[in-house]
Amino acid sequence: MRRLRNRLAGALLSVLALTLTATGCGGSSEAASDAGTGSGAAAAKDSVADRVEPLARRPEPKLPVTVRSADGEQVTVERAERVVPLSGSLSEIVFTLGLGDRVVARDVTATFEQAAKLPVVTRGHDVSAESVLSLRPDLVIAETTTGPEEAVDQIRAAGVPVLFVEAAGGLDDVGPRIRAVADALGVPAAGTELTQRSEDRITAVREEVEDVSHGDRPRVAFLYLRGSASVYLIGGADSGAGSLIEAAGAVDAGAASGLEKDFTAITSEALVKAAPDAILVMSKGLESVGGVDGLVKIPGVAQTPAGLDRRIVSVEDGVLLNYGPRTDQVLKSVVAQLYGEDGAR
């Protein structure tokens with residue numbers, strides 16, 4: 001089953017990771033300011049801090065612990081002096097819990113400042129077992145979409161505990177993912193504290209748009225763009241962006257137009273039916289198509305309200321769909337770009 005999940009998730013993740021590698025894995029991308037003249041693109045620069053904010057009190061792990069991995073295995077963690085999180089989101093959680101000094105490697109999608117100098121142990125998002133094992137880790141933390149399966153099995157066969165955490169699909173996953181990582185690290189109280197802090201901050205942003213009436217809610221389409229690979233997709237009900245869009249007081253235009261899959265190739269017909277008032281993109285994806293000027297040249301975009309008004313909401317690749325401790329900043333950026341002075345409302 002994990003092999004199938006890896007194949008299903010790998011297509012988009014590998015394209016994203018390869019693009020991040022080619023562009024230097026920068027966290028605070030300049031693409032948003034240079035990509036075009038849309039209001040969202042201009043507002044996105046510096047919208048999400050390039051650093052994580054650790055808890056005020058550094059916790060001390062109490063080990064050993066035995067926890068249940070998302071793949072059904074029981075994992076016993078004896079030590080956590082050398083930790084390898086295999087996604088940017090998981091790295092963000094470990095660092096924000098206050099245990100970043102124990103992290104000895106990173107995934108290519110870990111783009112925040114504190115992790116920038118760590119060695120990368122992925123090739124295009126595929127894990128290099130040899131690279132991981134060379135760092136003598138005490139614990140490897142992976143997403144359920146991490147692969148290839150053979151590499152993960154090789155790491156486990158070497159006697160290294162591997163904890164799988166369910167891949168993030170929306171805002172409701174923020175707390176469970178934080179707690180799963182904290183429990184494995186022997187700091188459950190810190191996990192509870194960080195969960196509360198993260199959820200309180202997300203709630204505070206959501207309250208800012210509670211007065212948006214149903215009729216006034218803008219329609220937002222999430223487009224996944226990688227111009228260098230000729231990948232142009234519109235997100236549907238399972239894209240992962242739906243809960244973020246809804247929390248911003250908007251309607252997921254792709255899902256509302258009947259797109260049930262995660263992503264569908266962009267066509268003029270699909271975009272016209274979705275009729276978005278604004279378009280949500282990753283900043284490097286926007287850069288890859290030539291900014292807003294290039295985006296509106298994609299067939300169908302210029303015929304949408306968003307294309308006509310050049311209403312683009314751009315958020316850094318490394319944080320948009322992380323659903324972790326910085327998600328409140330992501331949501332705040334989306335809200336600001338939708339309802340700001342030149343926003344889509």
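These legends describe close-up views of a predicted model.

**View 1. Three strands form an open sheet.**
The strand order is β3-β6-β7. The pairing is parallel. At the edges are β3 (83-85) and β7 (162-165), and each of these pairs on one side only. From one strand to the next, the twist averages 15 degrees. Strands of a sheet pair through backbone hydrogen bonds, either parallel or antiparallel.

**View 2. Strand β6 is joined to β7.**
How many bridges join β6 to β7? There are four. Strand β6 covers residues 139-143, and the two strands run parallel. Look for Glu-143: its bridge partner in β7 is Val-165.

**View 3. A buried salt bridge joins Glu-92 and Arg-326.**
Side chains of opposite charge can pair when their charged atoms come close. The count for this model comes to 14 salt bridges. In this one, the side chains of Glu-92 and Arg-326 meet at 3.3 Å, N to O. Where does each partner lie? Glu-92 is in helix α4, while Arg-326 is in the loop between β13 (312-315) and α15 (327-339). The two residues are 234 apart in sequence, so the pair ties together separated parts of the chain. The cut-off for buried is under 20%.

**View 4. Glu-193 and Arg-57 form a salt bridge.**
The N to O distance is 3.7 Å. Glu-193 sits in helix α8 (residues 188-207). Arg-57 sits in the loop between α3 (39-44) and β1 (65-68). The pair links distant parts of the chain, 136 residues apart. Glu-193 has 32% relative accessibility, so it counts as partly exposed. Arg-57 has a relative accessible area of 62%, so it is exposed.

**View 5. Asp-101 and Arg-58 pair within a network.**
The closest N and O atoms of this salt bridge are 2.8 Å apart. Asp-101 lies in the loop between α4 and β4 (122-123), and Arg-58 lies in the loop between α3 and β1. The pair therefore ties together parts that are 43 residues apart in sequence. Asp-101 counts as exposed, at 57% relative accessibility. Arg-58 counts as partly exposed, at 43%. Which residues make up the network? Salt bridges link Arg-58, Glu-60, Glu-81, Asp-101 and Arg-102.

**View 6. Phe-95 and Phe-112 form an edge-to-face pair.**
The model has three aromatic pairs. In this pair, the ring centres are 5.2 Å apart. Why is the pair called edge-to-face? The ring planes stand at 80 degrees, and planes over 60 degrees apart count as edge-to-face. Phe-95 belongs to helix α4. Phe-112 belongs to the loop between α4 and β4. The pair ties together parts that are 17 residues apart in sequence.

**View 7. Tyr-224 and Phe-263 belong to an aromatic cluster.**
Ring pairs link Phe-222, Tyr-224 and Phe-263. Tyr-224 and Phe-263 are 6.0 Å apart, centre to centre. Their planes make 65 degrees, and the pair is edge-to-face. Tyr-224 lies in strand β8 (residues 219-226), and Phe-263 lies in strand β11 (residues 263-265). The pair thus ties together parts 39 residues apart in sequence. Tyr-224 counts as buried, at 4% relative accessibility. Phe-263 is buried too, with a relative accessible area of 11%.

**View 8. A charge sits over the ring of Tyr-224.**
Which residue supplies the charged end? It belongs to Arg-226, and it sits 5.0 Å from the ring centre. This Tyr-224 ring is also part of the cluster with Phe-222 and Phe-263.

Note on methods: Residues numbered from 1 in each chain as written. Predicted model: local features only at pLDDT ≥ 70, side-chain atom pairs only at ≥ 80, totals over all residues. Heavy atoms only, no water. Pairing = 2+ DSSP bridges. Axes fitted to C-alpha atoms, helices over the stretch in contact; angles between N-to-C directions. Salt bridge = Lys/Arg side-chain N within 4 Å of Asp/Glu carboxyl O. Buried < 20%, exposed > 50% of the residue type's maximum accessible area, 1.4 Å probe, protein only. Phe/Tyr/Trp six-rings, centres within 6.5 Å; stacked < 30°, edge-to-face > 60°. Lys NZ or Arg CZ within 6 Å of the ring centre and 35° of its normal.
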